[in-house]
Amino acid sequence: MAMSNLVIVESPAKAKTIQKYLGKDYDVIASMGHIRDLPKSKLGVDVEHGFQPQYTDMKGKEDVIKHLKEHAKKCDHVYLATDPDREGEAISWHIAQILGLNMNENNRVEFNEITRSGIQTGMSHPHKIDLDLVNAQQARRILDRLVGYKLSPFLWKKVRRGLSAGRVQSVAVRLVVDRENEIRAFVPQEYWSIDAKFTAPPSRKVFAAKLVRVDGEKVDKTEIAKKETADALLARLQNAAYHVQNVKKRVTKRHPAPPFITSTLQQDASYRLGFQSKRTMKVAQELYEGVEIEEMGAVGLITYMRTDSLRISAEAQKAAADYVTAQYGSSYLPSEPRIYKTKKNAQDAHEAIRPSLPNLTPDRVKSSLTSDQYKLYKLIWERFIASQMADALMDTVSVEIEADNCIFKATGSTMKFDGFTVLYDEAKGDKSENKNLPELENGMEVRLKSLEGNQHFTQAPPRYTEATLIKALEENGIGRPSTYAPTITTITSHLYVEREGKQLKPTVLGEVTTELMKEHFPNILDVKFTAEMENSLDDVERGKKSWVQTLDDFYGDFSKTLETAEEKMEGKRVKVPDEETDIVCDQCGRKMVIKIGKFGRFLACPGFPECKNTKKIVQETAGACPLCGKKIILKKSKRGRSFYGCSAYPECNFMTWNVPTEEKCPECGSTLFQKGGKSGTLVCEKPNCGYSRPIGGGAS
C-alpha cells in the first residue's frame, strides 16, 4: 500500500497551487490561518508562573480543527508548510500541538516561492519546528497582550471606553502627533534666491544658474534673508560682465535600486500606484500563494513578501541576466552579478521580494491577473530585473560664471547610457538642473538674459503619509515586516489618526491619548525603548535570549509604572475636547461639533441634552452634480474605496469614480471630472456632452 502524505498550509489558494506540483501522493489542505490564540475574554497569561500562555481553540475554527484531525489520522506523514516566518512557525507549532505530532520529527517544510522548484526544494529539506522562532512569536504576542489588556482599561477609565493601546501602535501614533506639533510650532523664515538665465552666443540656448558665492562667502539657503539684501545684489549685478570659469566635465554613474523588501514595496506601491499598505500586502499575498495563468495553471508569481533581506539566489540572478541579455544585449549587464547588503538588524530568513520566474514578464501574465495584481507584479518584476542591470551613465557638466566677484553655478546632464533606467527608474530628478548646457569654455563671455530675486519661505516638515510613516518605523527599528500594514490599519480604524488625502493627521483623541501616555508611560511611547524590545525579540529568535526573561525584564517595570499612574490619576479623568465645525445646527443655531461614537465620527449639537440633533459627517467636494446641479459629496464603498455621488441621493443617483474639479466644461458649462492620475483626462459627465481633453491640453 502506497504511503500517504498530508501537507498543511494556511490558505486554500496556496493549497491548490501546491497540490498541482506534489501530485496524487499528497493531500494538501488549509488551516485557514491561526487555529489557536489567547482567549479574548481574559488576559490569558499567568504572569506569576513564567508568563505561561493559556491558549484556546479559536471561535469559529471548530470545523477546521476537526477536518485537520480527520485527515491527519489517515496519513502516514504530516508536513507543516505554513508561511516561512515567526508567525507561520507558531501556527505550525499550534497545529502540531492539536494533532499530537512528535516535536522531534522533521515535519516542518518551508516554501520561499510557490513554484515547482521551490516546492521540491522545501519538501526535500524538512526540519524540526524551530522553537526559537515560536518563542519569539509567543513573546511578541504576550507582550502585546500585556500592554493591551493592562493599559487599555486604564485608558477606558481615564479617557474613554473602547480605547486600545499597543506596544507598536502607540509609538506610531506618537510619531504622527509629534510631527503635527512640529508643524504647529514651525515659524516660516523668509529668504531670497538670485536666479539668472544666460545665453552663450552663437548658441541661442537659454540656461539657468543660481548665485552661490558673494565676495568669496558661500550663499546658503537662508543667507539672503531680506528683500533689501536681494535688491542690493540685483543692482550690483545688473550691468556686470559675466564670464565662464571653472568648467568641470565628468561621467557619473547611477546605480539601480535594490529589489524590494516589505517596507520598500509598501512605500513604492503607495508612491507609484496609490495603494494603501493593507491593499499592497493583500495583493502580494495573492501573487505569492498562486494565480491561475493561462496554459500554466496555478503559479506563485513572487517570493515570500514579508522579508527585510536583500539576498538573491544565484539561480534568480542567472535568470534575470539571461532575460536582460536576450532583451537588451550583454552591454546592459554589470561586469558581475549585483549583491546588495542587508541592513544589520534584518532577520535575513528569506530572499528579497522578486518574481519567482524572472522570465515570466508582466505582459505574459496580464490577461490572467486582476488590475491590482498586474500593477503590483509589474512593479516587483521591473524593480528586480532593473536591480540586476548595468549602471546608467550620465555626462554631467558643472560651470561657474563670475561677475563682480559673485559666482553663479549652472549644472547640466545628458544620458550617455541608459542602463537600468530603460526599464525602471525611481529617481525624481533635480528640477533646478538643466537638461544640457551649451558648449562653454573658461574665459568665455556669456550674455545675461534675465536676473531675478525670488522670495521663498522655509517649509514646515510635511505630515506623514503611509509610505513615509512606514519608512520612519523601519528606520527607527519599530516593528518588523509583518507589522507595518496592521499597525497603520489599527491606528486609523481606532480613530487615533485620520487621513487627509494621502496625509496622516492625528485626531484630537489621538493627541489627548498620546499626551497622557507620554506623561505616565514614557517607556511605552519611547522610540528607542520600543526598538530595543524588537532587538530583544530578534535575540530570542536567534536563541541568544530566553523569552521568559525578556518578558520578565519588561513586565517588572511596566507593572510598577501602571500602579504609579493609577495612583496619580486617582479620581481624575481627561476630557477629549470636541472639534467645533462651521456647520450650524438646524434646530438651535449652535455650531455643531465632531464626536466619536460606536460607529465612528459624527456631528452632534453641543447643546445636548437640550438639543439632541446629530448628523452624518459629509465631505463636500468641488463642482456640482451634472444631472441635477446639487453638491457632490465624497463617499466610501464597502471596501473603503472613495467615490463621488450627488448629495440629493436617492432622488438623484449620480455617482462616479472620477474626481470632480473646479473646471467647467467649455461645451455645456457642467463640472469636469479628472479621470486617471495627474497625467490623465478631464471629462464631462453630463449626458450627451462627451467633451474630454488631456490634463493640461486642448479640447478633443
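Author: Let's start with a definition: a charge sits over a ring if NZ of Lys or CZ of Arg is within 6 Å of the ring centre and within 35 degrees of the ring normal. The model we are looking at is predicted.

Reader: Where does the charged end of Arg 145 sit, and how far is it from the ring centre?

Author: The charged end of Arg 145 sits over the ring of Tyr 149, 4.2 Å from the centre of that ring. That distance meets the 6 Å limit.

Reader: And which ring has the charged end of Lys 366 over it?

Author: That is the ring of Tyr 374, with 4.8 Å between its centre and the charged end of Lys 366. Here too the limit to set it against is 6 Å.

Reader: Let's turn to the aromatic rings. How many aromatic pairs does the structure hold?

Author: There are 16 aromatic pairs. One of them joins Phe 51 and Tyr 555.

Reader: Why is the pair of Phe 51 and Tyr 555 called what it is called?

Author: The ring centres of Phe 51 and Tyr 555 are 5.8 Å apart, and centres within 6.5 Å make a pair. The planes stand at 85 degrees; angles over 60 count as edge-to-face, so this pair is edge-to-face.

Reader: What makes you say that the pair links distant parts of the chain?

Author: Phe 51 lies in the loop between β4 (45-46) and β5 (52-53), while Tyr 555 lies in helix α17 (residues 547-568), and 504 residues separate them. Both Phe 51 and Tyr 555 are buried.

Reader: How do you know whether Phe 554 and Phe 558 are stacked or edge-to-face?

Author: Look at the angle again: their planes are 20 degrees apart, and planes under 30 degrees apart count as stacked. With 5.2 Å from centre to centre, Phe 554 and Phe 558 form a stacked pair. Both residues lie in helix α17, four residues apart, which is about one turn of the helix.

Reader: Which residues form one aromatic cluster?

Author: The cluster consists of Phe 51, Phe 529, Phe 554, Tyr 555 and Phe 558.

Reader: What about Thr 82: is it buried or exposed?

Author: Its relative accessible area is 1%, so Thr 82 is buried. This residue is found in the loop between β7 (77-80) and α3 (86-99). Leaving aside neighbours within four places in sequence, its contacts include Ile 8, Glu 10, Ile 91 and Val 109.

Reader: What share of the protein chain do buried residues make up?

Author: Of the 700 residues in the protein chain, 47% are buried. The secondary structure of the chain comes to 17 helices and 30 strands.

Reader: Strands, then. What makes β27 and β28 a pair?

Author: Two strands pair if there are at least two bridges between them. Three bridges join β27 to β28 (residues 671-675), so the strands qualify as a pair; they run antiparallel. Val 659, for example, stands opposite Gln 674 in β28.

Reader: What is the order of the four strands in this open sheet, and which strands are at the edges?

Author: The order is β27-β28-β29-β30, with antiparallel pairing. The edge strands are β27 (659-664) and β30 (692-694), each of which pairs on one side only. On average, neighbouring strands of the sheet are turned by 30 degrees against each other, direction ignored.

Key. Residues are numbered from 1 along each chain as its sequence is written. This is a predicted model: local features need pLDDT of at least 70, side-chain atom pairs count only at pLDDT 80 or more; totals for chains, interfaces and linings use all residues. Side-chain values use heavy atoms; hydrogens and water are left out. Helices (H or I, at least four residues) and strands (E, at least two) are DSSP runs, numbered from the N terminus. Axes are lines fitted to C-alpha atoms, for helices over the stretch in contact, and angles run from 0 to 180 degrees between N-to-C directions. Rings of Phe, Tyr and Trp (its six-membered ring) pair if their centres lie within 6.5 Å; planes under 30 degrees apart count as stacked, over 60 as edge-to-face and the rest as tilted. Buried means under 20% relative accessible area, exposed over 50%, partly exposed in between (1.4 Å probe, protein chains only). Contact means heavy atoms within 4.5 Å.
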